[in-house]
Number of protein chains: 2
Amino acid sequence: MNSHPLSAEQLDAIHGYWRACNYLAAGMIYLRGNPLLQEPLQPEHIKKRLLGHWGSSPGLSFMYVHANRVIRQHDLNAIFVAGPGHGAPGVLAPVYLEGSFSEVYPDMSQDAEGMATLFRQFSFPGGFGSHCTPELPGSIHEGGELGYSLSHAFGAAFDNPDLVVFTAVGDGEAETGPLATAWHSNKFLNPARDGAVLPILHLNGYKINNPTILARISHDELDSLLRGYGWIPFFVEGDDPAAMHQQMAAALDQCVADIGAIQRQAREGGAVERPRWPMIVLRSPKGWTGPKVVGGHRVEGSWRAHQVPLADVRSNPDNLARLDAWLRSYKPEELFDADGRLVESLRALAPQGPRRMGANPHANGGLLRRDLRMPDFRDYAVTVAQPGRERAMNTRPLGALLRDTMARNPDNFRVFGPDENSSNKLDAIYAVSKKLWLADRLPEDDDGGELATDGRVLEMLSEHTLEGWLEGYVLTGRHGFFATYEAFVHVIDSMFNQHAKWLAICEDLPWRAAIASVNLLITSTVWRQDHNGFTHQDPGFLDLVLNKSPAVTRIYLPPDANCLLSTADHCLRSHNDINVIVCDKQNHLQMLDMEAAIVHCTKGIGIWDWASNDQGVEPDLVIAGCGDIATQEALAATALLREYLPDLKIRFINVVDLFRMTPEKEHPHGLSDRDFDSLFTMDKPIIFNFHGYPWLIHRLAYRRSNHANLHVRGYIEKGSINTPLELAIANRVDRFSLAMDAIDRVEKLRSSGAHVKEKLRDMQIAARHHAHEHGVDSEEINDWIWPHGS
Amino acid sequence: MNSHPLSAEQLDAIHGYWRACNYLAAGMIYLRGNPLLQEPLQPEHIKKRLLGHWGSSPGLSFMYVHANRVIRQHDLNAIFVAGPGHGAPGVLAPVYLEGSFSEVYPDMSQDAEGMATLFRQFSFPGGFGSHCTPELPGSIHEGGELGYSLSHAFGAAFDNPDLVVFTAVGDGEAETGPLATAWHSNKFLNPARDGAVLPILHLNGYKINNPTILARISHDELDSLLRGYGWIPFFVEGDDPAAMHQQMAAALDQCVADIGAIQRQAREGGAVERPRWPMIVLRSPKGWTGPKVVGGHRVEGSWRAHQVPLADVRSNPDNLARLDAWLRSYKPEELFDADGRLVESLRALAPQGPRRMGANPHANGGLLRRDLRMPDFRDYAVTVAQPGRERAMNTRPLGALLRDTMARNPDNFRVFGPDENSSNKLDAIYAVSKKLWLADRLPEDDDGGELATDGRVLEMLSEHTLEGWLEGYVLTGRHGFFATYEAFVHVIDSMFNQHAKWLAICEDLPWRAAIASVNLLITSTVWRQDHNGFTHQDPGFLDLVLNKSPAVTRIYLPPDANCLLSTADHCLRSHNDINVIVCDKQNHLQMLDMEAAIVHCTKGIGIWDWASNDQGVEPDLVIAGCGDIATQEALAATALLREYLPDLKIRFINVVDLFRMTPEKEHPHGLSDRDFDSLFTMDKPIIFNFHGYPWLIHRLAYRRSNHANLHVRGYIEKGSINTPLELAIANRVDRFSLAMDAIDRVEKLRSSGAHVKEKLRDMQIAARHHAHEHGVDSEEINDWIWPHGS
């Protein structure tokens, strides 16, 4: 390792480029005029309100300009992921200097006027945020919430063999759980087929008000930790810029060489083994090159450098002078010409065209997106001769669809799951792509382990990491599918929120090309947790999804296998959405043949004529089901009522597309009031059996004409170790409870229905007893009681 | 380190005790009769449905019985935290054998009948779950969701100097983010004052269907990783029980000795430094001692051992014979007497009385709970001469209250926050207790770093770890307070869900004594994210809270500092709840003096007469606010309407206790319909300005008589970098929008109100322009427009 790889000229140039970045970053925080300091600095040149974060900016720019050097030197195809949340000035600056910013925002041109606009727009209403938001070209990671830089970076690298993802990991962020486990992503990156992630752990030293843990353990401990995670760290430590430039250049040269060697070895044949990838630890002072001491307090190298190092600049002449001196310390007159353009000698340091990290198409992944080559989902149909007679595992045919999708799109599609794809009955996929495993192997793995070094199914017991990988994969233009247990999708609530916000912002950015949707299958649902119990019962993710922008949120609850196939096909073809599909993995009654399923899913909501008897008349009652098990029980209740009260006219409705329930002005999938009223009537009682928490339906439908008659059942947090039937009864979503509810609500049955209610209650007691005594599973119980409603 | 610390007799005994555990664990999965195998095993002895998880059970029992040995030897005060989710049989077994189980559940007595009941009740409807649920004596950690064992364990150890928390960390769980960062908890444990956590990382080797990462990296890498985390690992590896017992006993002796030495050194004076605590890595086969090979497939030492190793036992005579042989391999006849009681020589191996880990009062923390000694919260009141005139930071006085609460309860109260207590204006607390910091120190820390080795404020940038610590602290009988940014409380959504479920179950367990509530202050709220923007805007945690049991959920939105003090005092005195308090940290208008605040918060909802002009008459309109900023804007809208439409009779309502909005049968804090109607009228328009997503209010109030007239405004996910006023306008919660909404909804203003609406719109445009142009902050803007509504 050459310890001084930079010539004096190179050192001078790279230092100049970095000074320009630092000057711009400070300018963004402070200046509303006089961008080149061509006049003496006056209070009116200073923003009225100082917002922004100086602390990690110089370190981020330092990484960026050094990345630029190796990109040029090796013609690398690279993007930059900035983990430190508030470091936007440190990334905005080099993206602006390389020209990619002005190409997207011509008013922020590469001249004095454009620079002034950039300064003013930073952290200003309607302008640019203090994170690497979607508005920033080159960004695939906002970092507003901390913890996901590494998993996003790995997602970007998968199946992008030529890509290098420079990833700044903040030492604050590094304390989060998601980041702490994401270091293990290196066990899931195949050097022959995937690109490289080059993490740069930034020991900036401080968070908002505290030191960081990783900056305050010994060098040996940190080295040991990172090696334990499977990395080979190179340390770049200090505060003298000249020495640090040499160190950083040397470390980057070494890392790029090592990455190349690893990739060559893997790609030139031979067994793929897990490499120990290189990484960099950059220990530099927080607020590096900024004010050293202010008011007797250390600022550079302290938490006090986090935001605005010098306050009261407009009103305090001393501070104004200090700011002036600080800004002039970068010697802007040497860096920019009189028009505010970066001098030619420095401009030459940036890569060209799409090699600029702000213009690399991988960071605007929609540009590279190729539609999936989809098999015909109808080929996987379950035969349904008659509705509601046969059982099948809803997710099994989907596994076959995913398998053949994977076969047709080997480098463009991935399936993610936390150790549960087999449990979730999606294991057909292993016939085409096994689970990637680059950690150690044992002989017994060959007996059904389904592990391979070239698999594209990714399974790790970290929903955070999986979701991060998936997002990174999709953001860089590919497609993916994530299946997870319903209760534990809450682990990624916050990631969902952030991705939904990212997508919502992108809706207003025409230059961001559409990316594939994030597809989440929520399975192993609340109603089938026979041996897991209460902790595994939580259908509340949907409540969260409903809070986010209607432009990007979609929720589907297919009632059976064919509807699931149709829904999944639709979702895999969609873009810029987050599709949440709720469907259980166990054996369930099959309702619709494929033709009917397509019609039904296309409408998203509909009357099932075969289950209704209101043909040609006004119904006395509407019964609706939404969700597989909820629909089954609603259907059985309908059958019971029709058997015992044959004069009762019942309309049966199933809802697949949950947003159909909301008014059309609230969501693009919303049903018009007219259509809603014609389905649910203006005045008839509605018994609505819902998969999740019942109040969610009220939240969607409270504006509807017939809302006063809408009676919703769903999960009301009554659970423990239970048979499915007992669980249903406890939450009153079982067929008997529903039928009794219905009788209570139909005026004309007030008296005549009493004996039927009695009978239903007896049946319920007997069924519960049977289930409890025999400890039988859901299927048996259903078989036992189903004939009563057939 | 003595490599063979056990004598032949001791080895024989401990192995016998472990065999008894394994026998019981297998019995729980399989047997419904013939518990002692006194008859030949017949199909009718086998459960009809085989549920339960064998895989990690033997390893857990192995740890438990070895912990018992050192507890007896050193008279340790210890509890056991079982991370591996599905290992309940491995913990239930030794808890039953030591007698603590039967003391709580007399029908599961220590005899054949009790054993048969235990077997039948395991994983059976109405019985015991397959996790270490609240029903299990000695458990403070269910493990249904993985990842929190270590943080719970540290929470238990804080301020419990004599406690040792044996913590089984599953290697599946170890892949989760929360667990991966919780290893760093050792930087926050003071050996002089806190107890010890002894992690036992269980390299069981497999998850449901996959190997685990930590079991498939090299010994050196794992050793390096754990040392990097700051631990000293001792490895116990193998499958031969005799050798493993010796290794485990030697490792435990060493760990207990090292813990003692560390604690003695810290407690006998001298500076407290961060010790390198010992831990154990136990590598043992999954399903250890179970069937080796079934159907040609390896089971012991494979993922196939995860659940039920032998299926079809009732119908397949070969498998029945295999089960018989397996169960008899433990030689139950040597372990239990004819009555099913553990033989005396083995019984002597368990600790006695409260030293038994299933009977240790720390694991039923309510038994040890001492009420907080609270200062009088009225002493911290903000002076409010007239409502709505002066500003104060709502959270500052709370900081002083927390400071003095800490002073009065030095070993019984902790404050937790992710690097944000200063940002959240709670820094008064540092005057009494600084931030605990045991990682390295630098000289500059003395300048305002507020770090100390004996602090009790815990700050780490991991909401997961903080929440886990808080839960562990509270579950073991102490009190705590956690303040966090609103948007990122979603990071712990799933932890909230699980703790709420734990508490809900405890409501039905009379033997579990009440513990202190978990108190969450949600601050830095959606409406004041001037420099953070869209990613930091998410008030949706409340939607999640509403899904959980009304018995344990409480939500408060105090409108000002005095109401926050009154609310916090109430919450800190409460038990068995999760109190969520939403209040912003910035400068806000103060509404109520302390006397009024107490009355108002006690009612939880009320009319503010001073803001209303409907005295003695029916109002034309009800305006309500819930949340500090929402209330301020609603109040300003009221003032605007009263100024420009003085004949309009307005009733102003403020809601502190959100559950007041729901019917009384839905929540203990719910208002009766009669009271609700008398507040909100039966037929007048209601403009309700809500802090969070508006549909939440509809979800609570859809059953109320006047719901059709309830018009709710709140956050509708319209945000970016904005002034507070612009953000409010974008979401239509600003005073002008609200006043215009009101005019639209009051019949008698349909025509006459038009010119006032015009005026309001002009004012709104002018205010927005002013805010935007001047980039001023919320306070200035409020001062600028407030006089118009005064």
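User: Is Trp326(B) buried or exposed?
Analyst: This is a predicted model, where local features need pLDDT of at least 70, side-chain atom pairs count only at pLDDT 80 or more, and totals for chains, interfaces and linings use all residues. Residues are numbered from 1 along each chain as its sequence is written. Buried means under 20% relative accessible area, exposed over 50%, and partly exposed in between (1.4 Å probe, protein chains only). Trp326(B) has 5% relative accessibility, so Trp326(B) counts as buried.

User: Happy with that! How many aromatic pairs are there over all chains?
Analyst: Rings of Phe, Tyr and Trp (its six-membered ring) pair if their centres lie within 6.5 Å; planes under 30 degrees apart count as stacked, over 60 as edge-to-face and the rest as tilted. By that rule, the count over all chains is 51.

User: Why is the pair of Phe158(A) and Trp469(A) put in its class, and which class is it?
Analyst: A pair of aromatic rings is described by the distance of the centres and the angle of the planes. Phe158(A) and Trp469(A) have ring centres 5.6 Å apart and planes at 80 degrees, so their class is edge-to-face.

User: How many residues apart in sequence are the parts tied together by Trp54(B) and Trp326(B)?
Analyst: Trp54(B) and Trp326(B) form an edge-to-face pair, 4.9 Å centre to centre with 75 degrees between the planes. Helices (H or I, at least four residues) are DSSP runs, numbered from the N terminus. Trp54(B) sits in the loop between α1 (8-30) and α2 (57-74) of chain B and Trp326(B) in helix α10 (residues 317-328) of chain B, so the parts tied together are apart in sequence by 272 residues.

Key: Chains lettered and ligands numbered in written order. Heavy atoms only, no water. Helix = DSSP H or I, 4+ residues; strand = E, 2+ residues; numbered from the N terminus.
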